[in-house]
Amino acid sequence: GDTVTVPSGATFNVAGTLQSGGAAVSNTPAFSVILSGNVTSGISDNTWFKIPFDSEEFDTDGCFDPTTNYRFTPTTSGKYFFSAQWGNGDGAPRAEWISIYKNGSEAFTNYFYAQDTSTIDDYTPIVTGLIDMNGSSDYVEFYMKQLSGSGPQLVAGDKTTWAYGYKIIG
């Protein structure tokens, strides 16, 4: 019940869990996932394709499924920040989309269209967004779409296809 005033210019070190209004404050659940191997088949022209993120760099609360659904289902309600990128390989498509889906519907999308196809392999689309999650049944997945008709691929090398997300404090 005590109030502590920290003077301007003072350093504040917290040993333990930072509290706000009696509740622990942290940016969790949080995850970071990558594609562990190139995907070279099954990506049809002009069709949304779920990115099969199958390797976790970290998953603080075990909320990301890297084996069957490739989705994040947080058990804590709140606003979450998400970001994802898909790396294209040789024969990259002229047009590329990457999307964050919430509960099976598109929430955020970024689009790339190459006017000059000589440098197309140098570009990768990235998408970010803030999404309100209910902490019980809401889930997020990541999709890509391409227009080329010439066998594009999702590239795993050098962590070029990745996604991450975390609960924001607020």
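Predicted model: local features only at pLDDT ≥ 70, side-chain atom pairs only at ≥ 80, totals over all residues.
Visitor: OK, so are Phe31 and Phe82 buried or exposed?

Guide: Phe31 is buried, and Phe82 is buried as well.

Visitor: How do the rings of Phe31 and Phe82 sit relative to each other?

Guide: They form an aromatic pair of the tilted kind, with 6.3 Å from centre to centre and 45 degrees between the planes. The pair links distant parts of the chain, since Phe31 belongs to strand S3 (residues 30-34) and Phe82 to strand S8, 51 residues apart.

Visitor: Which cluster do ring pairs link Phe31 and Phe82 into?

Guide: The cluster holds Phe31, Phe53, Phe64, Phe72, Tyr80, Phe82 and Phe142, joined through ring pairs. For the whole structure, a search finds 15 aromatic pairs.

Visitor: Let's switch to the sheet, then. What's the strand order?

Guide: The order is S5-S3-S15-S8-S12, an open sheet of 5 strands with antiparallel pairing. Strand S5 (55-59) and strand S12 (126-133) stand at the edges, and because each has a single partner strand, one side of each is left without a neighbour in the sheet.

Visitor: And by how many degrees are neighbouring strands turned against each other?

Guide: On average, neighbouring strands of this sheet are turned by 15 degrees against each other, with direction ignored.

Visitor: How many bridges join S8 to S15?

Guide: Strand S8 (residues 78-85) and strand S15 (residues 162-167) are joined by 6 bridges and run antiparallel. As one position in this part of the sheet, Ala84 stands opposite Ala163 in S15.

Visitor: Why does Trp97 count as buried?

Guide: Trp97 has a relative accessible area of 16%, and since the cut-off for buried is under 20%, Trp97 falls into that class.

Visitor: What about Tyr111, which class is that one in?

Guide: Tyr111 is at 40% relative accessibility and therefore counts as partly exposed, because that class covers values between the 20% limit for buried and the 50% limit for exposed.

Conventions:
Residues numbered from 1 in each chain as written. Heavy atoms only, no water. Pairing = 2+ DSSP bridges. Helix = DSSP H or I, 4+ residues; strand = E, 2+ residues; numbered from the N terminus. Axes fitted to C-alpha atoms, helices over the stretch in contact; angles between N-to-C directions. Phe/Tyr/Trp six-rings, centres within 6.5 Å; stacked < 30°, edge-to-face > 60°. Buried < 20%, exposed > 50% of the residue type's maximum accessible area, 1.4 Å probe, protein only.
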